[in-house]
Amino acid sequence: MTADTSTATDYLDQLTTALPELNLVRVADWGERLAQLGTDGRRLLVAGNGGSAAQAQHLTAELVGRFQTERPPISALSLHAETSSVTAISNDYGYEQVFARQVRAHARPGDIVLLMSGSGRSPNLLRAAEAAHEVGAVTWALTGPAPNPLAALVDEAVTVSAQALSTVQECHLVVVHLMCAAMDAAVAARGGDTSTDAEDSAPSVRPPSSVSSPEPAAERRHTAAHGDRTNLVVVGDAFLDRDHLGRVERVASDEPALVVTGGTTHIRPGGAALAAVLSARQGHPVTLVTALGQDTVGDQVRTLLDEARVEVVDLGLDGPTAVKTRIRAAGRTLVMLDEHDVCPPVGREGEAALATARGVLMAAGGVLVSDYGRGITAHTGLRAVLAEAARRCPLVWDPHPRGEVPVPHTAVVTPNNREARMVASLTSGDTLSDDVEAARAVAREWGPVQVALTRHEHGAVLLADADLPPLVIPTKVAAGGKTDPCGAGDFFAGHLAAMLACGQLPSEAVASAVEAASAYVAAGGPRSLNNLADGGSPTTGLPSARPAAGAQGAIQLADAVRARGGTVVAAGGCFDLLHAGHVRLLEQARQLGDCLIVCLNSDDSISRLKGPSRPIVPAAQRTLVLEALASVDAVVVFDEDTPEAAIHALRPAIWVKGGDYAGMEIPEDKLVTSLGGRTVVVPFVAGWSTSSLIESARTL
């Protein structure tokens, strides 16, 4: 009887589909950097669970021993292989800390910590990445499909776009061997001992010379911190914006229409051209890929872009360049005129212009697609180039209701809440829950992709996974009634793309973009362009917190706030040794509603959770300190292991967790949802933890 080979064929098809998706540029770069470990005293620490643990040990054996070529040994440790440490740490601190504690013990600044995970969600690997950042080590990850929490947390990741765990692990083994081959080749290139027992030398996985290896994310972060700027390519529809600023002193006598008199008219680049100018004004080298007509308006746009030092790749517009005019008075737009609503064909300049566009996109540090629905993103040849670029660098897609869907491998999409509801065909609504549901719908429609949904004056929501709670970033600068928000979305998207290109995590980049866009609006929007320094956007302080509610009990306070139509926000935790990370979390939580109630673990609860040496500060004193914060309206102490009973009593509309829970399932989420509430995550202040403070104090 002939065996059914369909299962085997399907299995091999998955493998042959996943392997070409591997980022060989990064794999080759990792191999070359591993070769350096043998010369400068640094070491490699590797961790994984289950099958990944076996592959971690396989890699370290190849480094300490040899792959195919004779060379000096390279220092490499598999953290799961020290069985006494693993069992002792797990027993004393919990399995989530099994790798993190070893990283803190063994890793030094500049060491490499490689974390291997099929899912990218293992808590012990996430804690290890955080520990590596604390000590200044470089973090790499080998994971399954992106996006996932581990890939988002480390400096650099190689992800495998396969659903079967077995396929992911087999691809990881291929990556291990390719890294070792590249490492051997790098040692040989610098004149090391290259004798081998095999007839053939190790194969090289270095990419073609025409493709430059990307700058490591850790080095990009260092660059960004020291003020250097990455090159940004903006792709999208450009037009001319005209603003007529007049005054209104009367209503027309023959019909109820405002009469605008006097004033002045100002012109500026519009659409993607405005996004390019805003990014250039922040100090980034910017190239705009667009299509302009051979007309006076097109010439005006080219001149304005040249004055802003924006390079232009013109694909050519077979028709007139669009003009949009806003009639404004008393700080508000009264009417907008669109003189060319019909979009002419794109691509008049032909294949030569497309080849130029491909060249700049392949060399980009980051890409922003600013889609205004006028034909650029529908160009078949350009879409193919954008899809290729998205695999090489972070690509942010700022969509338009009349525009195209993002290309595969887009890193982040940035719809506003109205655009998101149109994509998802949802009814209107302007609450946080409405916006989160719209972001979830966009993620499912266009995924896998992270969604940074902008909420106008309320900030933004970042959704890394449609099935997990979002990260909510409130605005730090309140927009006044007469501010001009024109260009705020372009400013946000451009800043986000630049920060991702500089190596920031999406959560960091979105928080930074919210602050920058808020400050841009507060400074006058498009009228502030001439006042922006090359170093970045204007900054302002945080709004002051609302006053506390007084001595009312927590439950009575929640009932009173709900009765007047307000939003009850709650957050939970130990808050033992209150530090800056706690304070920032609570400030952000308070901005999400009309009162903030903290659910505080009792002393016995903390002892069961953290061990007999905790808490350091008794519950009564922790309560007193929390109540003294302007952001906290009330505190309720719970004695159970989880705050479920307190949540039942309070019924918060929003339950807040810190950014260390980003990308993870939150235990209280199901209960909060069942009560009609929403669980969200807010950014955390890196480098702060109570456990680290206690450990530091003990070493003094």
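A search of the whole structure, a predicted model, finds one cavity of 30 Å³ or more. Here a cavity is a set of points, on a 1 Å grid over the protein atoms alone, where a 1.4 Å probe fits but cannot get out. The largest cavity has a volume of about 90 Å³. Volume is the space filled by probe spheres set on the points, with grid points joined across faces, edges and corners. Lining residues, which have an atom within 4 Å of a point, include Asp237, Ala238, Cys343, Arg374 and Ile376.

The model is predicted: local features need pLDDT of at least 70, side-chain atom pairs count only at pLDDT 80 or more, and totals for chains, interfaces and linings use all residues. Residues are numbered from 1 along each chain as its sequence is written, and side-chain values use heavy atoms, with hydrogens and water left out.

An open sheet of four strands shows mixed pairing in the order E8-E7-E11-E12. Strands are DSSP runs of E with at least two residues, helices are runs of H or I with at least four, and both are numbered from the N terminus. Two strands pair if DSSP finds at least two bridges between them. Strand E8 (258-271) and strand E12 (332-338) form the edges, each pairing on one side only. Neighbouring strands are turned by 20° against each other on average, direction ignored. E7 and strand E11 (residues 323-329) run parallel and are joined by seven bridges. Asp241 stands opposite Lys324 in E11.

Two helices accompany this sheet. Helix H10 (residues 272-281) lies across E7 and E8, at about 70° to E8. Helix H11 (residues 296-307) packs on the sheet and touches E7, E8 and E11. The direction of H11 makes about 100° with that of E7. Contact means heavy atoms within 4.5 Å. Axes are lines fitted to C-alpha atoms, for helices over the stretch in contact, and angles run from 0 to 180 degrees between N-to-C directions.

The structure holds three aromatic pairs. Rings of Phe, Tyr and Trp (its six-membered ring) pair if their centres lie within 6.5 Å; planes under 30 degrees apart count as stacked, over 60 as edge-to-face and the rest as tilted. The ring centres of Phe239 and Tyr372 lie 5.6 Å apart with planes at 80°, so this pair is edge-to-face. Phe239 belongs to strand E7 (residues 238-251), whereas Tyr372 sits in the loop between strand E13 (366-370) and helix H13 (380-390), 133 residues apart.

Technical notes:
1 Å grid on protein atoms, 1.4 Å probe; cavity = no way out; pocket = protein on both sides within 12 Å on 5 of 7 lines; lining within 4 Å.
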